[in-house]
Number of protein chains: 2
Amino acid sequence: MSANSRLTIAAHALAWIGLYQRQGHEVATSEQIATSANTNPVVIRRLLGELRRAGLVESRRGAGAGWSLARELESMTLLDVYEAVEPGPLFAMHRTTPHQECVVGHGIQPALQNIYEGIEETLRHELARVTLENILQDVLAASR
Amino acid sequence: MSANSRLTIAAHALAWIGLYQRQGHEVATSEQIATSANTNPVVIRRLLGELRRAGLVESRRGAGAGWSLARELESMTLLDVYEAVEPGPLFAMHRTTPHQECVVGHGIQPALQNIYEGIEETLRHELARVTLENILQDVLAASR
DNA sequence: AACTGTTGCAACATTAACTGTTACGACTGC
DNA sequence: GCAGTCGTAACAGTTAATGTTGCAACAGTT
């Protein structure tokens, strides 16, 4: 699978905002987060926009604008982030319909669909076990 | 993640070869498999080449050439196929190194690396629970 | 009312991976 | 030698993520 870094960057941004707020600041800007993640502010705004739609962060506009958490890091899991930024299924079916007159061509999709669903369910369960607070604590532990 | 269909096509090909051999044939051609999967024979040959490197199938050249299973379907799991055709990790890190002078930038990669490894281990465990024989039986059950 | 800093978003370029296709040499049974 | 198939290179097409520029919208401050 083409591995992408959307989940990684989203987790980075959330941890950054969370830590920044604990240091007494109200909001974080996409510019600051982009500097920490070494990427472009627009990339951060796009990702945070998806997290806002999922109810994980809020944004303010105007002067003194920026991003803040909509919930505590303790209540956010990697599954929340995953579902906000990764739309598709883990494994895709054929791009074109297999030959339906063939026994395998006819039965392979329902068979795999079932199996894939079970595996994704397990993946979701694992992702739900990790909170963003867990991640921030791990991050802080690395600097000691 | 950009979902891809490599695992799906590889499983399709293996199930097809397995069934074809049970019907008394020695080898299957990439042309036949491509027809069933509704794709191009070269795509099949490329994928089966990776499965051959993993020791799952064998190929013969020359006249009357084609592909055959190197092991029983009972002894092949989806994990074997996954490892043969999916090289990278499930989730990628940042494309560029995050800002190391930032606490989050410095600690985020080791923290996520740990978490991702645990999740991939669970995924592997799930994939290892499904054999290609299971899949073929599911396929055949769909046609009854 | 003007100024300032930031978001929201569109538009486009770049990169990477997968997929599809054509072509042709290598091989081997007949 | 012939015929059929693999092995593989080369290239085009497609899709998704990422990076970049530009600018309107917004809201606090002066």
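**Figure 1. The surface near DNA strand D draws on both protein chains, with α3 (41-53) of chain A and α2, α3 (41-53) and β2 (66-69) of chain B each supplying at least two residues.** The elements are DSSP runs numbered from the N terminus (helices: H or I, at least four residues; strands: E, at least two). This is a predicted model, in which local features need pLDDT of at least 70 and side-chain atom pairs count only at pLDDT 80 or more, while totals for chains, interfaces and linings use all residues. Residues are numbered from 1 along each chain as its sequence is written, and chains are lettered from A and ligands numbered from 1 in the order in which they are written. There are 29 residues around DNA strand D, and those that come nearest are A:S5, A:T39, A:V42, A:G62 and B:S59; a residue is near a molecule or strand if its C-beta atom, placed from the backbone, lies within 6 Å of it. Helix α3(B) contributes the largest share of this surface, namely five residues. Sorted by class, the surface near DNA strand D holds eight nonpolar, 14 polar and seven charged residues (nonpolar: Ala, Val, Leu, Ile, Met, Phe, Trp, Tyr, Cys and Pro; charged: Asp, Glu, Lys and Arg; polar: the others, Gly among them).

**Figure 2. Around DNA strand C there are 28 residues, of which B:S5, B:T39, B:V42, B:G62 and B:A63 come nearest.** At least two residues of the surface near DNA strand C are supplied by each of α2 (30-37), α3 and β2 (66-69) of chain A, and likewise by α3 of chain B. The most is given by α3(A), with four residues. When the residues of the surface near DNA strand C are divided by class, eight are nonpolar, 14 are polar and six are charged.

**Figure 3. Chain B can be laid on chain A by a turn of 180° and a shift of 0.0 Å along the axis, with an RMSD of 0.1 Å.** This is the relation of a two-fold axis. The same surface serves both copies, since 98% of the contact residues of chain B recur in chain A. The superposition is by least squares on the C-alpha atoms of residues with pLDDT of at least 70 in both copies.

**Figure 4. The contact between the two chains takes 55 residues from chain B and 54 residues from chain A.** On the side of chain B that touches chain A, α1 (6-22), α2 (30-37), α5 (103-128) and α6 (132-142) of chain B each supply at least two residues. Helix α5(B) gives the most to this side, with 16 residues. By class, this side of chain B has 31 nonpolar, 20 polar and four charged residues. Two residues are in contact if their C-beta atoms, placed from the backbone, lie within 7 Å.

**Figure 5. Helix α5 (residues 103-128) of chain A packs with α1(B) at an angle of about 135°, with the axes 10 Å apart.** This makes α5(A) oblique to α1(B) (under 35 degrees is roughly parallel, over 145 roughly antiparallel, 65 to 115 roughly perpendicular and the rest oblique). Axes are lines fitted to C-alpha atoms, for helices over the stretch in contact, and angles run from 0 to 180 degrees between N-to-C directions. The crossing of α5(A) past α1(B) is right-handed (the near helix is turned clockwise from the far one by less than a right angle; left-handed if anticlockwise). From α5(A), the residues A:V103, A:V104, A:I108 and A:L112 meet B:T8, B:A11, B:H12, B:A15, B:W16 and B:L19 in α1(B). This contact of α5(A) with α1(B) is made up of eight nonpolar, two polar and no charged residues.

**Figure 6. Within chain A, helix α1 (residues 6-22) packs with α2(A) at an angle of about 120°, with their axes 10 Å apart.** The two helices α1(A) and α2(A) are therefore oblique to each other, and their crossing is right-handed. Here A:I9, A:H12, A:A13 and A:W16 in α1(A) meet A:I33, A:S36 and A:A37 in α2(A). The contact of α1(A) with α2(A) has five nonpolar, two polar and no charged residues.
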